[in-house]
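Load the model in your viewer and keep the selection tool ready. The stops below run in order.

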Amino acid sequence: MSAGTSDILAPEQEPAELARFREQWKAEVRERLGQAATSGAQTQPVPGASATAERAVSPARSDASAKAAIITNTVSASRGPATHVVAGAPTAITHASHGQSHLSPNLAHAVEVYRKAVFHEQHSQLDEALRLYRQAFRLDANVDRAYFIEEQRTQDRFATQPASHKKVPSTVSVDGVTRDVLKSEVHQDSKNRSFVVSGFLAQVLKSFPENLVFEPEDEKEGLPPINLIPDELLLQILRILDYTTIERFAAVSRKARVLSLDSAIWRDFVQLAYKPPQIADDESTTNIVELYSSDYRRAYIEHPRLRLDGVYIAVCHYMRMGSSENAWVNVTHLITYHRYLRFFPNGQVLSLLANEEWQPHTVIPMLKPNLRMKGFYIGNWSLSGSTVYITNLDEKHLSHAHATTEPQPNKYVFQMTLALRSRPLGRWNKLDFIGYDSVNVEDGEAVPLPLKNERSFWFSKVKSWAGY
């Protein structure tokens, strides 16, 4: 063929196979357009509003690889906005009047795989989601478009239905997945054991076998003798231990974990810990446990409580300029002081402000209500949510052996407002300053004090102090 001639063959010069394919394709397009016009009887197209674009197919392509698309924009006289209908594609036929979409088996399977990939991605299972995305695009390159069209069409169909006839769509929405993830799962023992677990631990217990035993450290050895002890006796032993020892025992094996979840164990801790002033006078432990799906262990770990088995210590620093005989030398002193807070179950609190001469290992054994030294205060405390209120901090003066008169009462008392924090979960080992005030005893006027040098209190456990 010469350079000046066109590459497109005349109709009489085309191969018979290509001509037969073109006629078959045109017949299929006319049939589908006729079906769309029949089903959309209520939506009459406006004359002259349809535009058809045909793309020529190269003779070198086979019937299996040839694809054509006709995009028809049908403007409805009654509804106003244009309805876009894709016809002629080998994968989908769309009925504009009913919003229905009939997918080919291959594309329907690809859309289903794509939907599963979206579900895994929403659950942060990225490896599985990536594998399914690849599988879906191998099945059909336009699966993402088909999926979003199906999702939009499903939402439109259910949005137009009356409220009384709405059904839950089969597709998974983002809101539905979020609600399922946030919903706590509750696991109850199948052997009538009083044990309720919620949250992530409930999901872990689902993978445990039905009959659990203590496994030997060496698989070649037989079962350890602890399996001869009845579970009831083991539970009685666990009930006399502290919660730290119980959690360490639970980390030994799955059998130990299940035993440590018995509600009777954690009910004792909750009832001992959560009583006034840890909670309000009109609040009960039953109301607290209900907030955590009746899981006593979770309530004890997650519900705020002040630790009574130790002392909260804040290490504070500030800089002070010193004097020097040499004008070229600047002397700066780093001053360190400690604040101590010890809480008692009866609502009494001890506060001590001591300089660096009094180190914690010296102060802690002395921190008792009968202590008398400069910077020592006794007051009252209460807990509301995660906020600690300390009031009536009154300084206790040193008593002189030869004093004949009683010491005069203080004109000022102090009050603190602290935020209770837990780092990590369940420790409740940090107190942050919210406010520190000086209160005039006569008129009750409170004057805020600067908190420039104050630091957070951190908990330090004292083994010899009781926790309840």
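**Stop 1: Ala-129**

Select Ala-129, which is buried, with a relative accessible area of 2%. Keep in mind that this is a predicted model. Ala-129 sits in helix H3, residues 126-139. Now show what touches it. Beyond its neighbours within four places in sequence, Ala-129 is in contact with Ala-117, His-120 and Glu-121.

**Stop 2: the whole chain**

Zoom out and colour by secondary structure. The chain has 13 helices and 15 strands. Of its 468 residues, 36% are buried.

**Stop 3: helix H8**

Select residues 243-250, which form H8. Which residues of H8 are buried? They are Tyr-243, Ile-246 and Ala-250. Their arc around the axis is only 55 degrees, so they lie on the same side of H8. Look down the helix axis to check the view. Next, show what covers these buried residues: the cover includes helix H7 (231-238), helix H9 (254-260), H10 and H12.

**Stop 4: the second largest pocket**

Rolling a probe the size of a water molecule over the atoms shows where empty space is left. The second largest pocket has a volume of about 780 Å³. It is lined by 33 residues, and the closest to its centre are Tyr-243, Thr-244, Arg-305, Arg-307 and Asp-309. Which elements each supply at least two residues of this lining? Select H8, H10, H12 and strand S15 (457-461). Then colour the lining by residue class: 17 nonpolar, six polar and 10 charged.

**Stop 5**

Follow the chain out of H10, which spans 263-273. Pro-277 is in the loop between H10 and helix H11 (285-290). Select the peptide bond from Pro-276 to Pro-277: it is cis, with omega near 5 degrees. Most residues other than glycine have a negative phi, and most peptide bonds are trans.

Move on to Ser-294, in the loop between H11 and helix H12 (296-302). Ser-294 is not a glycine, yet its phi is positive, at about 60 degrees. Is Ser-294 buried, partly exposed or exposed? Its relative accessibility is 38%, so Ser-294 counts as partly exposed.

**Stop 6: the loop between S12 and S13**

Select strand S12 (412-421) and strand S13 (430-440), with Pro-424 in the loop between them. Show the peptide bond that joins Arg-423 and Pro-424: this one is cis, with omega about -5 degrees.

Trp-428 also lies in the loop between S12 and S13. Its phi is positive, about 50 degrees, although Trp-428 is not a glycine. Is Trp-428 buried or exposed? Buried means under 20% relative accessible area. Trp-428 has 8% relative accessibility, so it counts as buried.

Key
Residues numbered from 1 in each chain as written. Predicted model: local features only at pLDDT ≥ 70, side-chain atom pairs only at ≥ 80, totals over all residues. Heavy atoms only, no water. Helix = DSSP H or I, 4+ residues; strand = E, 2+ residues; numbered from the N terminus. Buried < 20%, exposed > 50% of the residue type's maximum accessible area, 1.4 Å probe, protein only. 1 Å grid on protein atoms, 1.4 Å probe; cavity = no way out; pocket = protein on both sides within 12 Å on 5 of 7 lines; lining within 4 Å. Points joined across faces, edges and corners; volume = space filled by probe spheres on them. Nonpolar A, V, L, I, M, F, W, Y, C, P; charged D, E, K, R; others polar. Contact = heavy atoms within 4.5 Å. Arc of directions from axis to C-beta.
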